[in-house]
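Hello,

Here is the model I promised to send over. Please have a look at it first, and then read on for my notes.

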Amino acid sequence: MTKLSATERIDAVNIGLMLVSCCVAVMIPFELFLFSYAILGPMHYLTEISWLHDRNYYTKGRYDALFLLIIGVLVSITFFNSIYRLEIDIPAQFNTQLAWVALLSSLVFVLVKNTFYRIVGIFLIIVTSQLSSHFWLFLSVFLPTLVHVYIFTGLFMLYGALKSKSRLGILSVVILVLCPILLFNVYPDTVFFPVSDYGKNAYVGGEQGVGFFQMHIQSLVSFFGYKTEGTNMTYWLNEVFNSKTGILMARFIAFAYTYHYLNWFSKTRVIQWHKVPKARFAIVIIFWVVSISLYIYNYTMGLLWLFFLSYLHVLLELPLNYTSVIGIGKSLKERFVKSPQQPQPITGSGVQSRNNSRKRMSSPS
């Protein structure tokens, strides 16, 4: 029996974590997501940002992360302006434009080192941000949520599997792709545990109406072409919590988020995000405990407390996402595209060997 390497053992653990996440998501989708988001989420944000900081956020410039930080601050101001009605005059598509700038600028940060070309590139991205209105659903809803936790996680896993040449790593990526199919087809008409009143209140956002969880499911329902008329709140609450479509979407969201976090923590020995100065790690633990306490006290308060951090970690990870895609392309090219063989130089010994061969061929046997 072949002994598994350390990387393959981690890949095997990840396959198990995926299957467990799938099973729990089928049983209690709404509560699983709320638990993962509140308990695992804050620790993930903090440790990943710390890990990215030590690697210069995978960019070529020293202050690139500051640019993304400013975008995160502006998005947060827009968000709190809508929640607390601060009466700050902000254009309706401002957040979508900011997401456009962050997404494309991150590519510049990864590929371009020349300062002049960087400035020109970012200027053009800002000028063309008006085009972002055509992609508002992707940029404002899916990019910081499901694209981040599911698509980018899959790409990160594939990049690691190709680098380590782990068959179990490739298998784990295949299973990640198959999991949504299982979630949509295993007992699709069965609700094992209906969402609790606490869960409904957390999704809606309490008295302040911070219902962006609910909005994610609504957007998925609309995106996949399901019935969307009757867009009053009563209709949507029923669609989210009681309809077959809403529950199936909730399963996928719960699985994607839960495994996204578990994947990060399962690869601690490989990524080594825990190897940081003790003072910084202590701050991470304190911040995490405070965040959990706020979620326990009032789930909506926890959401508001961590909104900036949760969105910022998505922005700061974008250069790493591009790096993963580029790395996948290079790995596949090395594997499937054979480089032309260079002619071997003829050395002195080679000439002598060829002359001896000619003498043997010309001499009688």
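Below is what turned up, starting with the salt bridges.

This is a predicted model, in which local features need pLDDT of at least 70, side-chain atom pairs count only at pLDDT 80 or more, and totals for chains, interfaces and linings use all residues. Residues are numbered from 1 along each chain as its sequence is written, and side-chain values use heavy atoms, with hydrogens and water left out.

The whole structure holds three salt bridges, each being a side-chain nitrogen of Lys or Arg within 4 Å of a carboxyl oxygen of Asp or Glu. D54 pairs with R280, with 3.1 Å between the closest N and O atoms. D54 sits in the loop between α2 (29-53) and α3, and R280 in helix α13 (residues 278-297), so this bridge ties together parts that are 226 residues apart in sequence. (Helices are DSSP runs of H or I, at least four residues, numbered from the N terminus.) D54 is partly exposed at 39% relative accessible area, and R280 is partly exposed at 24%. For these classes, buried means under 20% relative accessible area, exposed over 50%, and partly exposed in between, with a 1.4 Å probe and protein chains only.

R118 and D64 form another bridge, at 2.8 Å from N to O. Here R118 belongs to helix α5 (residues 115-127) and D64 to helix α3, 54 residues apart in sequence; both residues are buried. K244 and D189 meet at 3.3 Å, N to O. K244 is in helix α11 (residues 244-266), while D189 is in the loop between α7 (167-185) and α8 (197-204), 55 residues away. K244 is partly exposed at 43%, whereas D189 is exposed at 61%.

What about disulfides, a pair of cysteine sulfur atoms within 2.5 Å? The search found zero. The cysteine sulfur nearest to that of C22 belongs to C179, 3.4 Å away, and C22 is buried at 7% relative accessible area. For C23, the nearest is the sulfur of C22, at 6.8 Å.

Helix α4 (residues 94-111) has 18 residues and spans 26 Å from first C-alpha to last, close to the 26 Å expected at 1.5 Å a residue, the expected span being 1.5 Å times one less than the number of residues. Of those 18 residues, 13 are buried, so α4 is largely enclosed by the rest of the structure. L74 is found in helix α3 (residues 64-84) and is partly exposed, at 30%.

Best wishes

Conventions: Helices (H or I, at least four residues) and strands (E, at least two) are DSSP runs, numbered from the N terminus. A disulfide is a pair of cysteine sulfur atoms within 2.5 Å.
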